[in-house]
Protein chains: 2
Amino acid sequence: MIQKLIDNIKKTKAPIVVGLDPMLSYVPEHLQKKAFAEYGETLEGAAQAIWQFNKEIVDATWDLIPAVKPQIAMYEQFGLPGLAAFKKTVDYCHEKGLVVIGDIKRGDIGSTSEAYAVGHLGKVQVGSKAYYGFDEDFVTVNPYLGSDGVKPFIKVCKEEKKGLFILVKTSNPSSGEFQDQLVNGRPLYELVGEKVARWGEEHMGEKYSYIGAVVGATYPEMGKVLRKLMPKTFILVPGYGAQGGKGADLVHFFNEDGLGAIVNSSRGIIAAYKQEAYSRFGEESFADASRQAVIDMTADINGALESSGR
Amino acid sequence: MIQKLIDNIKKTKAPIVVGLDPMLSYVPEHLQKKAFAEYGETLEGAAQAIWQFNKEIVDATWDLIPAVKPQIAMYEQFGLPGLAAFKKTVDYCHEKGLVVIGDIKRGDIGSTSEAYAVGHLGKVQVGSKAYYGFDEDFVTVNPYLGSDGVKPFIKVCKEEKKGLFILVKTSNPSSGEFQDQLVNGRPLYELVGEKVARWGEEHMGEKYSYIGAVVGATYPEMGKVLRKLMPKTFILVPGYGAQGGKGADLVHFFNEDGLGAIVNSSRGIIAAYKQEAYSRFGEESFADASRQAVIDMTADINGALESSGR
């Protein structure tokens, strides 16, 4: 799957991923009204609204992008109907040929991590049959529990030819509280990064490992160090746009081959129509605003990469 | 809800929690056969089997225990039908007056953590209406992302009078890889513990905070230190029984008032019938074996507490 991600990036010339994190407040009123008319102001109604919102955005952007990253929390908050909309979104993006990164940030130990892994990446055994649960291509994983928590995911990735992005340095303001603590003079996130690199070297695609890392766009200097520590690791970079990251900050997350990173934007794309820069599209044409935001983001990042000679 | 947990512990004289982590391999054959006869060897069939398994265990133990801790991964692996069985289990345990600790180990940032919090503890707004999603009483939370990840959970707990157990030192063998790293000469888990204590002091029930901690039974010496660092924090202690923890190891997780900790056992109780000690019950009477295992575990822990004068 790491090769499919790379192939998709080369085909679209866009090292970006669209974060499908549909807050209900992002969904234009006409879509909410339609869903509520059909299902009432219920969890089913909310799920229908976010699914229709996603579908229009995917329809308007799929040919320009390699991958999407649905954030499962935004679906899980609507209970079972919300999770049904998550599954529908995953399946629909697959139909469009997109790589799906499930942003689930799970992490537990032993058989429990394995249960998450089979539920999201692999197949679960039921008697003589086996079934895919949510069937994403990659998932994000929290490393706080150590190898016991990560290895069951790696095992399933190996069997299914799928992949992981393990949290190393997250994009939020307080990520440093624990991640930046110095251990023998070096921040904890470097230790985690080295571990990710080691797991990665044992699980390689062609040039890159299918065990990737998450490093926030909001910490470009740390990204530069981590890029060197994890040369064969693909980096998923959240924090572009709404959280403050810009194309010029992101150059050092990439390798000299122009690969090795994929930059996520969620709000900045899916709620683009709410920004002044895209207000000309209007609420009804929110998906066209998202398409334009994808084009602009790709140009910003590619421009920065070209200026740097990558 | 922390007061209800304490009241339930006092009423049952059992500082224990039953981990409802139903692997399909724990479910006796007659229950699997019945579920598959009705639903086929499908995700729905698996969900029905684990739900019936849970129900019998709850029916056989609810009067002896204060709380249950369903591990959501074991349900999530069966996709949407599995999560429906999780919800059914939560609701059924509430009917029986049990406190429900959702072992979800979620953790993200800002609005995403808030989405998890409303989905599991609070109510989500849909137009003019608000709905509970999974509606547990407590959930477990991963601290790797720092305050940004935890505070949205705390906010919802305050509104809903619910609570958290934040991972401090986990019970698994590799938990030390990152958690034990020395920061200024002290292990990281102590820093996390101090943070939990601080969050806790600002969010108190009567004597204990509703912001609790997870500390593994498999590390009794560390438990002793953490108990002192977090005097008003309730500690959820996994790792008893199958993972190796014994009653005598657990004394120092408790305060002098005999409170302050609740010890989880999953496999040791729900799959008790598979152990030689309980084989006399037979597979058909698996729930009676679970009841006996609850009685024995409670006696083991209370005996150790009495010997220590707590």
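Student: Which residues line the second largest cavity?
Tutor: That lining is made of Ala197(A), Gly200(A), Glu201(A), Ser209(A), Met230(A), Pro231(A), Lys232(A) and Thr233(A). Before we go on, this is a predicted model, where local features need pLDDT of at least 70, side-chain atom pairs count only at pLDDT 80 or more, and totals for chains, interfaces and linings use all residues. Residues are numbered from 1 along each chain as its sequence is written, chains are lettered from A and ligands numbered from 1 in the order in which they are written, and side-chain values use heavy atoms, with hydrogens and water left out.

Student: Okay, and what is a cavity here?
Tutor: On a 1 Å grid over the protein atoms alone, a cavity is a set of points where a 1.4 Å probe fits but cannot get out. A pocket is an open set with protein on both sides within 12 Å along at least five of seven lines, and lining residues have an atom within 4 Å of a point.

Student: How many cavities of 30 Å³ or more are there?
Tutor: The count is two. A volume is the space filled by probe spheres set on the grid points, which are joined across faces, edges and corners.

Student: What lines the largest one?
Tutor: Residues of chain B: Ala197(B), Gly200(B), Glu201(B), Met204(B), Ser209(B), Met230(B), Pro231(B), Lys232(B) and Thr233(B). By class that gives four nonpolar, three polar and two charged residues. The second largest cavity has three nonpolar, three polar and two charged. Here Ala, Val, Leu, Ile, Met, Phe, Trp, Tyr, Cys and Pro count as nonpolar, Asp, Glu, Lys and Arg as charged, and the others, Gly among them, as polar.

Student: What about pockets, how much space is in the largest?
Tutor: About 560 Å³. Its lining has 34 residues, and Ser171(A), Gln243(A), Arg267(A), Ile109(B) and Thr112(B) lie nearest its centre.

Student: Which element gives the most to that lining?
Tutor: That is α6(B), with three residues. Helices (H or I, at least four residues) and strands (E, at least two) are DSSP runs, numbered from the N terminus.

Student: And the second largest pocket, which element gives the most there?
Tutor: There α6(A) gives the most, again with three residues. This pocket has a volume of about 480 Å³, and 30 residues line it; the closest to its centre are Ile109(A), Thr112(A), Asp21(B), Gln243(B) and Ser266(B).

Student: Let's look at a residue in α6. Is Ser113(A) buried or exposed?
Tutor: Ser113(A) is buried, with a relative accessible area of 0%. Buried means under 20%, exposed over 50%, and partly exposed in between (1.4 Å probe, protein chains only). Ser113(A) sits in helix α6 of chain A, residues 110-120.

Student: What does its side chain reach?
Tutor: The side chain of Ser113(A) reaches the backbone oxygen of Asp108(A), at 2.9 Å.

Student: And Phe78(A), where is that?
Tutor: Phe78(A) lies in the loop between α4 (73-76) and α5 (79-95) of chain A. Phe78(A) counts as buried at 1% relative accessibility. Leaving aside neighbours within four places in sequence, its contacts (heavy atoms within 4.5 Å) include Leu24(A), Leu43(A), Val124(B) and Gln125(B).

Student: One last thing: what is the phi of Lys105(A)?
Tutor: Lys105(A) has a positive phi of about 40 degrees although it is not a glycine. Most residues other than glycine have a negative phi. Lys105(A) is in strand β3 (residues 99-106) of chain A.

Terms used: Polar contact = N/O pair within 3.5 Å; in protein donor to acceptor, adjacent residues only side chain to side chain.
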